[in-house]
Amino acid sequence: MSAELGAWGVPVAVLAGAIRVSTPFIFVSLGECITERSGRVNLGLEGTLVMGAMVGYGCSYLTGSPWLGVLAAGLIGVVLGALHGFLCSRPRVNDIAVGIGLMLFGIGLAFFLGKPLIQPSAAHLPAIPFGFWSHTPQIEDALRVNVLFLLGVVLAPLVSFGLKRTRWGLIVRTVGESAEAARAMGYDVNRVRTLATMAGGFLAGIGGSFLSLFYPGSWNEGLSSGQGLMAVALVIFARWNPVRCLYASLLFGGASALGPALQAVGVTKGYYLFNAAPYALTLLIMVLSSSATRTSADQPAELTVAR
Amino acid sequence: MGMTFETRQGLSSRRGFVSTLGVTVFALSLLNCGKKTETAAPPASAGSAEAAAPAPQKQFTAGFIYVGSKSDYGYNQAHAEGAKTLTSMGIKVREEENVPETLDVQKTMESMINLDGASVLFPTSFGYFDPHILKMAEKYPKVIFLHCGGMYTEGKHPKNVGSYFGYIDEAQYVAGIVAGMTTKTNKLGFVAAKPIPQVLRNINSYTLGAKSVNPKVTLSVIFTGDWSMPVKEAEASNSLIDQGADVLSSHVDSPKVVIETAERRGAFSTGYHASQAALAPKGYLTGAEWNWETVYKYYVDKIQKGEPFEHLLRGGFKEGFIKMSAYGPAVSDAAKAKAEEAKKKFMDGTLLIYSGPLKDNAGKEVIPAGTTMAQRDIKLEAMGYLVDGVKGSVH
Amino acid sequence: MSQVSPVPTSPAGASGQAPSARPANSRAARTSLLKKFEPLLISSAAILATLFLFGVFLIFDGLNPLDVYEVMFRGAFGTSFSFQNTLQRSAPLMLTALCTALPMQLGLLVIGGEGALVVGGVAAAVVGLGMRDSSPYTVLTAMFFAGATAGGLWIALVGALRAYRGVSETISSLLMSYIAIALMNHLVEGALRDPESLNKPATRHIGEVNMLGPIPGLDVHWGLVFGLIACLVSYVLMKRTVFGFAAAMTGGNMRAALLSGLPVRRLMVLTCFLAGAAAGTAGMIEVAAVHGRANASLVAGYGYTGILVAFVARQNPLGVIPVALLLGGIGASGGLLQRNFNLPDASVNVLQGILFMVILVSETLYGKLDLWSFARSATVRKSAEAGVTA
């Protein structure tokens, strides 16, 4: 038996969507946050996301364990992050361009290797039913929170703490603020940045595995629609603060769920425009929060993407 | 980056030269398009001038072109399975996937003709027809182009082109019957790509089938906007289930996501294009599938004998162009009986889905009382409404 | 008597001032010759490296790379049909590559060519329809201006956001692409829809007589010429005019440019306008030469491939032409890869990705080729210090 939620269905759906759709964004943006704090931009996370999805799905299918799939996805993310770091360590190489190249390569490789995975079904990640108290199936489902989301929610403040208070975080931040100062302190700038990029890749790979192992929960070639690139935008929008990355991801996830939710209650005009809503929203917020004269104090000084 | 400073005079002369060159070439290109009317011969006369029947070809190479992946559990897979029929008949088959509906497909067709020696082409996506197939058909009058979509117009299109399509909405009607008898909430959900006539016809037939056995049933439809958008399809499925639907169906290129989402949330589902039963062992009821094997066997037979083929080939259950998936475990015997009954009526032509009085979901009468529209009625191909009982809008 | 250079110079300078007892001309001539061919040498080496790496990839897949390359060559340049196929595919790429290459002269990375193409295509279709009863010359000219202006304005907005608000042009141009596609879909299925285009929503046809035809004698439409001219004009603009010099200065050192009084912001917006105009023209050509109407087929990935072309061509508008041909050729042979070797269509993407990354890494080699002449001058320096004369 299900209750007719009527108009209440929309906020419930937006909440559910915010939780579901935001999870890959949380992971990718946290990963990109770490990378950008070290002064490098990794636009190749889109390719890492898709590779992670494919590898995770394949591993889960072969071993039967979705968690092994998640781990495998993270590891391939590390490999791709290392590649990015290595390439960018060469002098005069533009990290944004390398990112785009990596994105192409990653997506191409994922589609190439993933052909035999389109048909089979792999084991999925579990979810914790937080809505057990409700008798309304919709609320039950909205609160059926997947474990990766919880992991992401816990991770955000952890990353924030790590960057602010640990020695490793200080090193990363120094490298991102002033490469000169870091060198003077004896740190190998390229090595730190590469390691940060590898950490970012790890998280992005996990974010990708969520797409194929939970929601939508299958592997095919239309799985990602620019989520990796959006996450980079979200990091800038969140002013490089990990906890704000979490909020930004939730906002974006909710905005993405608005379209279908409204259609389900009968608001059908202009559904394409609703589909564009998350992008327009991100653009608007970026415009409002930017300024030509003052660069934000939060921005790592060594970063090239937002001058 | 080398930079040279030119004198002012040098600049203007060089700039002037380049711009004159540009304008000249631009003008030349426009000149050329004006000539088109003189050189282009109207296709009908060119077609009727040559013999309609090709020479018999026992052995030939066939080219299949798909707009997506062959193993998508959906539209393209259905065609690929049909292609296997040709291979089993000893015909050489060349396949190419992920060919977009642009100049690319024209080049692919030409490549297959020129480099692979294909003499029969099966471009399977709807959007390949105009202008791509038509252009290529004019250019290669000896090659046969068989398009899936029912677009052929006698007299307007060249004779080496054929169109085929199946009245899969009959199968959707039967699926609707099963859905209508299985639903506990009397709410059905439909995830659709775009509100075009083929899709609307499926939605309406499904609804009419369900309502024929369960008048209280309603159907909610969500349009995702494009043929393959897994995240949107998942969102739509969840939204529909949130709103109370307990049977989901779809018309997208690959129903995999919808079926899997329904299964995970404990809802029932009916499939489309091909059988997705393996994806939802508990909730899959049945599905509306293509049976291209029948169509392809017909064409191969005609081509091998060198006989002319039907240019507009369409059929439903009776002709064997469509079929139902096997019934799933949740389907009751009563539902099976009603479904089989409807199928039999389609076979002997006594069941016509669209008969008056029929209102759309805005209250307007779209089929007046006493009128019945035949399955092949051309007006049905231009369907632009959703029947009463469907929650959703075409715009 | 030999001339010894008293002060050791940096590697880049050493080539020009290498001391020698032997006639200075030949070495200087050799090294300056080398410098001129440096881009060509390094690009060729990069392409060879790509073929090698992709070959390794193929071997892992159980194929003989030489067979594959032979088929690819045949599919791209081998027959008259193949070559024309390649030419045709390269046409839109030349235009969309400019959408990235032009702003890069100022140091801006714009990746919104796809969106500008779509916007240009829709505008061209609308204008073409509105004027469809005029003479074809008029119609096409109007369509050109409409497409170029619409695309230009789209990217000019990106430039303005960057110049006046500091918003990252990379991200804003990407977001604008998504918005453009959504807008196009909304309009094509709604307000602009041809009621007869039932199952594939599109705008009305502009009329066969208004379409841009093939170049006489070839199976390639006139869009190729548009692309060639646009690249040539861009090259002249960027390398031989004051505007181009100002742009390069801004790209090299923005502070110096500002101090020199250059209108940096206006330069940014204007260059972005030109970039968008190029991509918008590509959209107009898709409508005028291929489809005759605007529909979802405009979204064909030309914008994204254009980014790749721009980078492989090192943002040089002239270099865009051969690189577009190369990538057009790769695309043309992609189908053969699928049919002859059962390779998935994504193999072409893998090849492109490898090419891109190899090109990027090869950037570091520039200026290093005269390493050996540096080594030689170092030897001479050492021998001079040791008091040995030639």
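Helices are DSSP runs of at least four residues in state H or I, numbered from the N terminus. In this predicted model, Ser333(C) lies in such a helix, helix 13 of chain C, which spans residues 317-341. Ser333(C) is buried, with a relative accessible area of 1%. Beyond its neighbours within four places in sequence, Ser333(C) is in contact with Met72(C), Gly75(C) and Ala76(C).

The surrounding chain is built from helices. Chain C has 15 helices and zero strands. It has 390 residues, and 58% of them count as buried. Among contacts in chain C with a separation of 6 or more, 74% join residues 24 or more positions apart.

Chain B contains an open sheet. Six strands form this sheet, in the order 2-1-3-4-5-11, and their pairing is parallel. Strand 2 (92-96) and strand 11 (312-315) of chain B stand at the edges. Each has a single partner strand, so one side of each is left without a neighbour in the sheet. On average, neighbouring strands of the sheet are turned by 15° against each other, direction ignored.

The pairing can be followed from strand to strand. Strand 1 of chain B (residues 61-65) is joined to strand 2 of chain B by five bridges, and the two run parallel. Within this pair, Ala62(B) stands opposite Val93(B) of strand 2. Strand 1 of chain B also pairs with strand 3 of chain B, in the parallel sense, over four bridges. Here Ile65(B) has Pro123(B) of strand 3 as its bridge partner. Two bridges, again in the parallel sense, pair strand 3 with strand 4 of chain B. Leu121(B) stands opposite Phe145(B), a residue of strand 4 of chain B. Between strand 3 and strand 4 of chain B, the chain passes through helix 6 (residues 129-139) of chain B, and this β-α-β crossover is right-handed.

Val120(B) and Phe122(B) point one way. Leu121(B) and Pro123(B) point the other way. All four are buried.

Strand 1 of chain B and strand 2 of chain B, joined by five bridges, are both touched by helix 4 (residues 75-88) of chain B. Helix 4 of chain B also touches strand 3 (120-123), strand 4 (144-148) and strand 5 (161-166) of chain B. The direction of helix 4 makes about 160° with that of strand 2 of chain B. Helix 11 (residues 292-305) of chain B packs on the sheet too, touching strand 1, strand 3, strand 4, strand 5 and strand 11 of chain B. Its direction makes about 155° with that of strand 5 of chain B.

Asp301(B) and Lys305(B) meet through their side chains at 3.1 Å, N to O. The two residues are four apart in helix 11 of chain B, and therefore separated by about one helical turn. Both partners are partly exposed: Asp301(B) has a relative accessible area of 33%, and Lys305(B) has one of 46%. A further salt bridge in chain B joins Arg376(B) to Glu319(B), with the closest N and O atoms 3.4 Å apart. This pair links distant parts of the chain, 57 residues apart. Arg376(B) sits in the loop between strand 14 (365-367) and strand 15 (390-391) of chain B, and Glu319(B) in the loop between strand 11 and strand 12 (322-324) of chain B. Arg376(B) is partly exposed at 39% relative accessibility, as is Glu319(B) at 30%.

Chain B and chain C share an interface. The contact takes 52 residues from chain B and 54 residues from chain C. The buried area is about 4800 Å², and carbon and sulfur atoms give 60% of it. Seven salt bridges cross this interface. Glu96(B) forms a salt bridge with Arg339(C), the closest N and O atoms being 2.6 Å apart. Arg94(B), Glu96(B), Asp116(B) and Arg339(C) are linked in a network of salt bridges.

Over all chains, the count comes to 26 salt bridges. One of them joins Asp345(C) to Lys115(A), with the closest N and O atoms 3.5 Å apart. This pair crosses between chains. Asp345(C) is in the loop between helix 13 and helix 14 (346-362) of chain C, and Lys115(A) in the loop between helix 4 (95-114) and strand 1 (127-129) of chain A. Lys115(A) counts as buried, at 14% relative accessibility.

Key
Residues are numbered from 1 along each chain as its sequence is written. Chains are lettered from A and ligands numbered from 1 in the order in which they are written. This is a predicted model: local features need pLDDT of at least 70, side-chain atom pairs count only at pLDDT 80 or more; totals for chains, interfaces and linings use all residues. Side-chain values use heavy atoms; hydrogens and water are left out. Two strands pair if DSSP finds at least two bridges between them. Axes are lines fitted to C-alpha atoms, for helices over the stretch in contact, and angles run from 0 to 180 degrees between N-to-C directions. Contact means heavy atoms within 4.5 Å. Buried means under 20% relative accessible area, exposed over 50%, partly exposed in between (1.4 Å probe, protein chains only). A crossover is right-handed if, with the strands pointing away from the viewer, the path from the first strand over the helix to the second runs clockwise. Buried area is the accessible area (1.4 Å probe) that two parts lose on being put together, summed over both. A salt bridge is a side-chain nitrogen of Lys or Arg within 4 Å of a carboxyl oxygen of Asp or Glu.
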